[in-house]
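Have the viewer open and follow along.

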Amino acid sequence: MATLGELCRQHTSLTRDEINHLKQLVSEWGLLADLCFADLLLYVPSTDSEWLIVAQVRPATGQTIYLADYVGVPADNERPLLTSAFETGEICEGEIAVDLLPEPARMLAIPVRHGAKPIAVLSREWSNRTGRQPGELERTYLGIFQRFAAMIAEGSFPFHGLVGDSSAAPRVGDGVMVLDDEARVRYASPNAVSALHRVGISANAVGMRLAELGFNDSPVRLAYEDRMPVIEEFDQTPNVTLLTRCMPILAGGEVTGGVLLLRDVTEVRKRDKLLLSKDATIREIHHRVKNNLQTISSLLRLQGRRLESTEAKAAVAESVRRIRTIALVHETLSREPGDDVAFLEIVRPLLRLAEEGLQSPDRPVRFTVQGDGGRLPSTIATPLSVVLTELLQNAVDHGFPEGSTGGDVVVQLNPTEDQLNIRVINDGRGLDSHFELNKATGLGLSIVRTLVTTELAGSITMRSGMPEDFAAAGLGDQPKGAGTVVDLTVPI
């Protein structure tokens, strides 16, 4: 289904500002539909002299008369009322025929004014047969709707300027207070009365100001002063949190009243606090795990200094690097909310660790990263970091042996919708022509192969480089067979 903006651009001559005005209206009209217990449709004059329906909303407080969506459909018998409202700039009412209804339905046509002229028509369409029986609540809500309709016709609704996001604001069914021009309560819906009782206010609110009731009236004061809607959440009592939205009602630019919507969000906020507490606990655990791993790493380094065997020292040094890699993941997780981590924030420190521990003055190796790995769960990020550490060490040990002039190692990250592709490429010595990854017996490659194929359920290949590989990595012209390219694919 085409959007309001697309339909207006394709079928009308409305300007960008006029289309934005209609979008603002549609973002607010769920409130209006609930207040009038009826379907609302938005019609615009098309370039081929027709009336086109560009938006439609059903009420949450009443029964719809339209089982189907009519967005993108031209108007039929509604045209006389639409034309009259559009040309006169006045609200018109009449009868229309509706499919599946045995008798005519009613239609209220409201011109939508922007600037000096109407640009569209908003209709309220309902059936007296299927409508709600009128009572005090219904009469009050319809009266509020009529006042907002007048604001639409004069161009003061939707409100101009920056307006807070109303998507999470209270709805009509949550509780409504109708206020006069002095911010006195003229009506409170049953749900609003229940909300007042929950915060310990049992007095009859009608005729009183909110402050006199002991209720926080700051959103009402701000809305009346600024002539703009105000959304505010506050703790009315230590145990009750309320979310409110106050919308001033204007006539001729002056405030003539207001509507205060309120919802009890105490339980929602309690769950939010529990989630925050749980998140803080998890991050603290990651922080402590990181500290413990660093302690183990330090103990191993102390042990390594007492060893005399070169082979034993190398084994301990490799273990220290692996432990520091895992500690690095936990350190990143301890800083970020949730159990996901931006993989790039791990790769960059890994490259710094590699520079510190693997290169030497007579064998300078430059490490760089290209691309962004996206966010990964810790169950993937931890083993993948160990794999990357082993690949970096393998690139230095075999691509740039002692006595070489050094070179470059590039890590390329390329995430897709369901997998992460990693390439580690170096411009050093190429692979032996008889090399086979599955037959490699070195500890590092054995760790890599095991983690990738079992824990990560991925795949890995190693081959000598091609000229196009080096060009894509920005390593200049290199002959075929030089360097090593490791391609790693991990499902996410």
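Which residue in strand 15 is the bridge partner of glutamine 412? Arginine 423 is the bridge partner of glutamine 412.

## Ground rules

This is a predicted model, where local features need pLDDT of at least 70 and side-chain atom pairs count only at pLDDT 80 or more, while totals for chains, interfaces and linings use all residues. Residues are numbered from 1 along each chain as its sequence is written, and side-chain values use heavy atoms, with hydrogens and water left out.

Helices (H or I, at least four residues) and strands (E, at least two) are DSSP runs, numbered from the N terminus.

## The five-stranded sheet

That bridge belongs to a pair of antiparallel strands: strand 14 (residues 407-415) and strand 15 (residues 419-426) are joined by seven bridges. Two strands pair if DSSP finds at least two bridges between them. Both strands sit in an open sheet of five strands, ordered 12-14-15-17-16, with mixed pairing. Strand 12 (365-371) and strand 16 (459-464) are at the edges with a single partner strand each, so one side of each has no neighbour in the sheet. From one strand to the next, the twist averages 15°.

Alanine 457 isn't a glycine, yet its phi is positive, near 55°. Alanine 457 counts as exposed at 55% relative accessibility (buried is under 20% relative accessible area, exposed over 50%, partly exposed in between, with a 1.4 Å probe and protein chains only).

## A hairpin and another loop

Strand 1 (residues 39-45) and strand 2 run antiparallel, with six bridges joining them. Valine 44 faces leucine 52 in strand 2 across this pairing. Five residues lie between the strands of this hairpin, where serine 49 has a positive phi near 65°. Strand 2 (residues 51-57) is mostly covered, with seven of its seven residues buried.

Leucine 100 is another non-glycine residue with a positive phi, near 75°. You'll find leucine 100 in the loop between strand 3 (92-96) and strand 4 (105-114), and at 78% relative accessibility leucine 100 counts as exposed.

## Helices 2 and 4

Helix 2 (residues 16-36) packs against helix 4 (residues 136-154) at about 150°, with the axes 8 Å apart. Axes are lines fitted to C-alpha atoms, for helices over the stretch in contact, and angles run from 0 to 180 degrees between N-to-C directions. The two helices are therefore roughly antiparallel (angles over 145 degrees count that way). On the helix 2 side, Leu25, Leu32, Asp34, Leu35 and Cys36 take part, and their partners in helix 4 include Tyr141, Phe145 and Phe148; contact means heavy atoms within 4.5 Å. The contact residues split into 10 nonpolar, no polar and one charged.

A cis peptide bond links phenylalanine 157 to proline 158, with omega about 5°.

## The cores

What is the number of residues in the largest nonpolar core? It has 75, and those with the most contacts inside it are Leu22, Leu42, Phe148 and Met177. A nonpolar core is a set of buried Ala, Val, Leu, Ile, Met, Phe, Trp, Tyr and Cys residues joined through side-chain atoms within 4.5 Å. Helix 2 gives the most to this core, nine residues. Leucine 22 touches Leu42, Val44 and Ile119, among others. A separate core of 43 residues includes Val341, Leu351, Ile380 and Val448.

Definitions and conventions
Parallel < 35°, antiparallel > 145°, perpendicular 65-115°, else oblique. Nonpolar A, V, L, I, M, F, W, Y, C, P; charged D, E, K, R; others polar. Lists of a residue's contacts leave out its neighbours within four places in sequence.
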